[in-house]
Amino acid sequence: MNKNGSAEHHRLKLRTIQESDYDDIKQIMQIVYKDAGGAWTKREFLNQLKAFPEGQICIEADGIVVAAALSIIVDYAKFGDRHTYDEITGYGKFDTHDYEGDTLYGTDIFVHPEYRDMRLGRRLYDARKELCENLNLRAIIAGGRIPNYKKYRDVMTPKQYIEEVKNKEIYDPVLSFQLANEFHIRKIIPRYSEEDTASHYYATLLEWINVYYDESEKLIGGTKTVVRIGAVQWQMRRVVSIEDLMHQVEFFVDTVSSYNADFVVFPEFFNAPLMALFKDVDAADAVRLLADYTERIREKMHELAIAYNINIIAGSMPLYEGHKLYNVSYVMHRDGNIDVQYKLHITPDEQSYWGLQGGHELRVFNTDAGRIGVLICYDVEFPELSRILADQEMDILFVPYWTDTKNAYLRVRRCAQARAIENECYVVITGSVGNLPRVENMDIQYSQSAVFSPSDFSFPPDAIVAESTPNTETTLVSDLDLELLKKLRKQGSVRNLQQRRSDLYSVLFRNKKTSPKKEKKKVEKARKAKEVTEKPKVITIT
């Protein structure tokens, strides 16, 4: 937290460890392993990097290494289950590393104490799993410390202690975390490390099985082909404070991230319940008071994206800037970046009640799980916008909406389905349900969240990947195969993007920075470049 009490913006980066990282790593190890041998020497550290550079992974925050995971590949049969830490690591030299081995052995994992609430350990474990899968290794095995055993060793055996931890009667900072990350205990190893006095020299031998063994894929950081999304169908309910609202937000972020999802999307104006706190205020003033909360909510959701390792499309919220009121959606990347998309088209109702104004920019956002676009509610009813995004190779379009009646909802739904087909992309829509008494212009809601696909043989027959129960608070979790989009665009029964008649028409985006004359010249130049025998009519939609 900074001096003003708001969260710092940490920019996170997962990467392999470099020689220049030694001082940062040494500092962490001296803190974390103060009762278990401390840090590696510089010479040991360099030997480890030389032996297996791909297996030494770290996370940096704002240019400083704050967490790391070290590993080697071993022929596990050569060591068996009764090995010691020194034996399997070659006394820290990593000369036991064997590229022809069948097991990824986790030697160390540590996180700086000041960054432990950001769930960086989970990211490192996920990176190890990805490395194991893509190196086509059978499993990950590690000897796990049980540091809290020192508090119980006089009253229970290691076996009893481990059973209590498994049953969640006792919390162990290492073992509890490993069990939560899908590792199972093979056995207990006595005298595993002569330096680990806190664990009374015991260790748990933990294993994670690679169910994709024999599958060959890329190492960590590869492009995702299957993306998991979660849409929150949000219940509008009375809240007593912003903290009350954010508890509900975190509940859904936590829930969706527990399914290892890549994205979670909230509805348009999901923060509207806060308007019930403003008594005897008309609609225009209430929405401007609501805008006062936007920065705080954005900061908290930015923290949640990092902490829960999930990209958050933060529905939409009012933003008051330059004496103008806008409706904006924030894309909170799990690496710490933030992007923003303004609602471009304002409904007559939004303009008359609130005085909202439309934004002026439209763009596709690069994420670690594909290229995405965001169109807020009414914007999806304008096909030009989605086509412009499709021209920028958008894979998934997110549409947070707010609708009060079924006919209003169906406008959004039908248009979203059309956008998925004509632009050969996935479209995810979600809205809110319930009611908000005494909140003018936001009193009733209607929603049925859904995920739409193109319509071809590789996709569901009705082009609906999934849809929720109408008007019920819930989450909708779906897997989207991006490889199917590539196949469709090249080999589909019809190819809407590929077979457009660009010699006859074009769709251009003209913002305030580009004059209409310049855009017209671009179209004319493109038309003349087409050497066609018949001179076609050029229709420019701007």
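Is Tyr409 buried or exposed? Select Tyr409 and check: this residue is buried, with a relative accessible area of 1%. Buried here means under 20% relative accessible area, exposed means over 50%, and partly exposed lies in between (1.4 Å probe, protein chains only).

**Before you start**

This is a predicted model, where local features need pLDDT of at least 70 and side-chain atom pairs count only at pLDDT 80 or more, while totals for chains, interfaces and linings use all residues. Residues are numbered from 1 along each chain as its sequence is written, and side-chain values use heavy atoms, with hydrogens and water left out.

**Whole chain**

The protein chain has 14 helices and 23 strands. Both are DSSP runs numbered from the N terminus: helices are H or I with at least four residues, strands are E with at least two. Along the principal axes, the C-alpha atoms fill a box of roughly 80 × 65 × 45 Å. Of the 542 residues in the chain, 51% are buried.

Gln178 sits in helix α6. At 5% relative accessible area, Gln178 is buried.

**Aromatic pairs**

A pair of aromatic rings is described by the distance of the centres and the angle of the planes. The cut-off used for rings of Phe, Tyr and Trp (its six-membered ring) is centres within 6.5 Å; planes under 30 degrees apart are stacked, over 60 edge-to-face, and the rest tilted. Across the whole structure, 24 aromatic pairs are found.

Select Tyr125 and Phe183. Their rings are edge-to-face, 5.3 Å centre to centre, with 85° between the planes. This pair links distant parts of the chain, 58 residues apart. Tyr125 is in helix α4 (residues 120–134), and Phe183 is in the loop between α6 (175–180) and β6 (184–189). Both Tyr125 and Phe183 are buried.

Tyr401 is buried, at 0% relative accessibility.

Then select Trp234, Phe251, Phe252, Phe266 and Phe270. These residues form one aromatic cluster.

**Salt bridges**

A salt bridge is a side-chain nitrogen of Lys or Arg within 4 Å of a carboxyl oxygen of Asp or Glu. The structure holds 26 of them.

Start with Glu60 and Arg15. Their side chains meet in a salt bridge at 2.8 Å, N to O. Glu60 lies in strand β2 (residues 57–61) and Arg15 in strand β1 (residues 12–16), so the pair ties together parts that are 45 residues apart in sequence. Both Glu60 and Arg15 are buried.

Move to Lys166 and Glu163. The salt bridge between their side chains is 3.6 Å, N to O. Both are in helix α5 (residues 158–166), three residues apart, which means about one helical turn between Lys166 and Glu163. Lys166 is partly exposed at 42% relative accessible area. Glu163 is partly exposed at 35%.

Now go to helix α13 (residues 482–491), where Glu483 and Lys486 are three residues apart, about one turn of the helix. The closest N and O atoms of this salt bridge are 3.4 Å apart. Glu483 counts as partly exposed, with 37% relative accessibility. Lys486 is partly exposed as well, at 46%.

Finish this stop with Asp81, Arg138, Arg186 and Glu207. A network of salt bridges links these residues.

**Surface patches**

Switch to a surface view. Patches are made of residues with over 30% relative accessible area and no salt bridge; like charges are joined within 9 Å, nonpolar side chains (Val, Leu, Ile, Met, Phe, Trp, Tyr) within 5 Å. Accessible areas come from the Shrake-Rupley method with a 1.4 Å probe, and for residues only the protein chains shown count as cover.

Which residues make the nonpolar surface patch of about 320 Å²? Select Ile209, Val211 and Tyr212. Val211 lies in the loop between β7 (203–209) and β8 (226–236). This residue is exposed, with a relative accessible area of 69%.

For the last stop, select Asp282, Asp285, Asp349, Asp404, Glu440 and Asp443. Together they form a negative surface patch. Lys and Arg count as positive, Asp and Glu as negative; His and the chain ends are not counted. Each charge is placed at NZ of Lys, CZ of Arg, CG of Asp or CD of Glu. Asp404 is in the loop between β16 (396–400) and α12 (406–422). At 31% relative accessibility, this residue is partly exposed.
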